[in-house]
Every structure is written in structure tokens, then in C-alpha cells.
Amino acid sequence: MHTSLKLPITNVYGKGDYSVVIHLGSEQAPVNLLLDTGSSTLVVKEGTYQTKHDKQLTPSAIAQEVNYGIGGWNGPIINSSITLSDYDLADKNKLGVNQLSLTKGAFAVTASTEQVATFGDADGILGLAYHHLNKSFNLSSYFEQQNITPASTYPWPFTKETTTSPSSIDLKAFKQFLWQHPEHNIQPFFTVLEEEHLIANKFAFYSKRSSVFVDKANKDINLATATKEEIEPLIQLSENQGALILGGGEEQTELYQGTFQNVAVSHDVYYNLELVSVQVGNKLAIKAAPLEQSHVKSYFTNAIIDTGAGAVVLTAEIYKQVIKDLIATNPSFEALLTPFKDYKEQYTGIDASLINLAQWPTIYFNFIAEADKQTKAVDANQSAETAPLDKELIKLACQPETYWQINTPKYGKACFKFLSQLPQWPNQSIIGLPLLNNYYVIFDRSEDTNGVVKFADKTNSCP
């Protein structure tokens, strides 16, 4: 077993979200995959990886469909070689010296080019959550009934609507079609690596920003409109780099300092945490309401940790009070914050010279630490707000330097990285990169019942 494998990552292809390069198939095609602890599927789009050139490709009768809340896709499951290595960011076409490889790894390929907007300029997503989010369906009986040969989902046979199936372009209708067929068990890629004893059951994440940094030398780049080729020079900036450590974390002592604070994971679906409260500077703590009962079966707790989220998304109630408390700190903040009520302002930004980070308060997040007490609270349908007061809390700090991103989407612009609850999303806060950027974070799935997420103060030694 590898003790650990340290991989370079960048936030450029994901326009803030971090991606890692893996190599696929007989041609060892390099693909940039977004790192997402909010999903579990390994999916790539046709393009950089071309299925027709992969001599190791084995089709199956399995199909997948995933919706991320802001877009989705469907497509076939295929099997081929998947290789991870400590490649050089400057030359992703060349494998690194240290490698992990599966000769028959399962992954999905998107069915159409219309479905890949979710990936930004990346080539797909590497989901790092648990098995429950990796649903797939066996269509063998359908192919047999319809006399379809070959009886496989690759090449994809659902490009057009027929009398027996909808077109896969209609994500909602095709999802209903898939759910009429037997569910098929596919273990997530990271889980397979652990079960094959290639790595230990943990990974670590080191990041610096939640938006791409544009320096003065590249001041003509506008991230909102630039092509993939135009933004690639930004990969060389250290501010846009980070690290993913598979199978380890604590041994990378150059990446963190001090001791770890451990927050227990409540459920092995997402990395579910119990959020107690949010506090703006020295203002009164804003209590986090329990997850609404109607959503408990699907979402489990009132917060998740999500490396694939480029913002911290707060419930509508918490967000409203955070904004009020920031304005109460300094009334001049109101004019700076108001534009960001519209998410589209992230693609424009405001004049960075208006933001004096020294004037802005730290925003704190309080989570329940102990697994046994956390579980009791969930079982009793309680939130941290109503649970016993003897629970140990972990207090994590989100600094102004991370919830404000300077020099993005252009040099001299700035963006505020807190958002209000997404439409049709439950009252669950999504703890994304602006908080994670403050820490070296280890997702240790081997501890306690469902694992723990460990936070230590990061150093500036990466890469």
C-alpha cells in the first residue's frame, strides 16, 4: 500500500474549483477532473479522452445520471485503465514517477456535449463522497426486450426519442426512464482504491483560493469570457495551485502547523456535519436551524463540506443575518455587498480598491465535534440549537482574505464569496472553498463510524 500520493491541483480549469489530472485508457489521455466531495461519480466528457482511440475500453449495459443542482448529465459506464501519478502541472501529458493504477476501472462518459457546462473548462468530475451518491442502472433487460445489439450503453443508443425511451437530452424524462430499471452497484473510484489496498482510507486537500487569481502581467484576461487556452498561463501562478494527498495527510508537515481540530461526519452520503451557528466578528452568534424534517431522509444534516463549491452557500435565514451583521459593523459595506445578491456579479466583480480587508471581520463557523453526541442529536431529530449544551464545539475561522477574492474575474476586481440558499435546495448550508481555503483539511474516512474531517492551520509552503 502506498503511504500517500501527493498530486498537484489547480483552480484554473474549474474557474475557482480545483481539478486534478488523471490518465485514461490505452493512450493515457490526460483529463482535468474537478475534485468534488459533494458527489461520488467519476465522469469525463468526450474530447481530450476519445473513446474511439481507447483499445482497453470495455463497454457495459450500465447507465448513469447525475444532477448537481445546477446542471447534470447522463451517459454510459465503460471500463478502462485509470492512472493517477505525481505529474508536473507544466506537462500533464507525462506521467509522474509515483503512480496508482486500476486496469479495469469503471467511469462514466457524458452522452452529449450539451450536458458539460457544469464542468467549466475541466474535462469532468472526480467525486470523492460515498457510495450512496453513485447510483447507476442496469439496462440489460431493456436491450433484450427491444432486441438491441450490442446490448450495451456504449455506443450510446439514446440520442433520439423512441416509442420505448425518451431522448437522453431531456434529463428529467431520461432519469425517470432509468429509475424503472434495476439499480446496479458501482463503488466510487476512491473507495475502489482503498478496497484494493492501494491507499489508506483518507485524503487531504490544500487550497488557497476559491476564485482564479489574475496577476498584473495577465491583466487583459477576463475569466468570464476567456477561452481555455487563454487562461492556461494562470496555472503557473502559485496562488492558483494546491495539493491533493491520496491515502494520507498528517505526514505532509510542510503544509500545516499546529494541531488538528476534528469534526465528526454524521452520515456516509455527503460529508455531513452539524452546524451550530455562524458568527460575524464579535456579533451575537446566528443559530443554525435544524434541517427541515421533510428533507432528513435525503440530506440528513444542516450542513455539508463540499470542495466542489466555489462559495459558502448559507441558508436564507443565516445569509440574511450575516449581511445585516456585516453592515452593522460598517454601514459603508452595504453598497459593496448589495451587487452580490445576484450570483451573476461573480462574473463581473467590483472595484477591488474599494475593499480594505483590514476593516472586515472574521466570520466564524461552529460545528459539533464529538461523534457520539452528534449521533444522538440526529437520532432525536435535534439540531445543535436544541441539543444538550455539553457538546464540544469546533470553531473555524473564515478570514476576509478568503470570503473576499481579490483580482478576479479580472485584475483589479473583487468578488464576495458568500451566497444565499439555492432555489429548491433544503435549508442546508454548503461549506465550500472560502472556509476550506483557511485550513489544511484531511477527510479521514477510517475514524469513528463515518469518518472525521480534520482542520489544521495551513502554511504557505504549497506548491
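Is K202 buried or exposed? K202 is buried, at a relative accessible area of 15%; buried means under 20%, exposed over 50% and partly exposed in between, with a 1.4 Å probe and protein chains only.

A word before the views: this is a predicted model, where local features need pLDDT of at least 70, side-chain atom pairs count only at pLDDT 80 or more, and totals for chains, interfaces and linings use all residues. Residues are numbered from 1 along each chain as its sequence is written, and side-chain values use heavy atoms, leaving out hydrogens and water.

**View 1. K202 pairs with D444 in a salt bridge.** Their closest N and O atoms sit 3.6 Å apart (a salt bridge puts a side-chain nitrogen of Lys or Arg within 4 Å of a carboxyl oxygen of Asp or Glu). K202 is in strand β11 (residues 202-206) and D444 in strand β26 (residues 439-444), so the pair ties together parts 242 residues apart in sequence. Strands (E, at least two residues) and helices (H or I, at least four) are DSSP runs, numbered from the N terminus. D444 is buried too, at 2%.

**View 2. D121 reaches K15.** Here the closest N and O atoms of the salt bridge are 3.6 Å apart. D121 is in the loop between β7 (99-109) and β8 (124-127), and K15 in the loop between β1 (5-14) and β2 (17-24), 106 residues away. D121 counts as buried at 18% relative accessibility, while K15 is partly exposed at 34%.

**View 3. D123 meets K228.** This salt bridge spans 3.8 Å, N to O. D123 is buried, with a relative accessible area of 3%.
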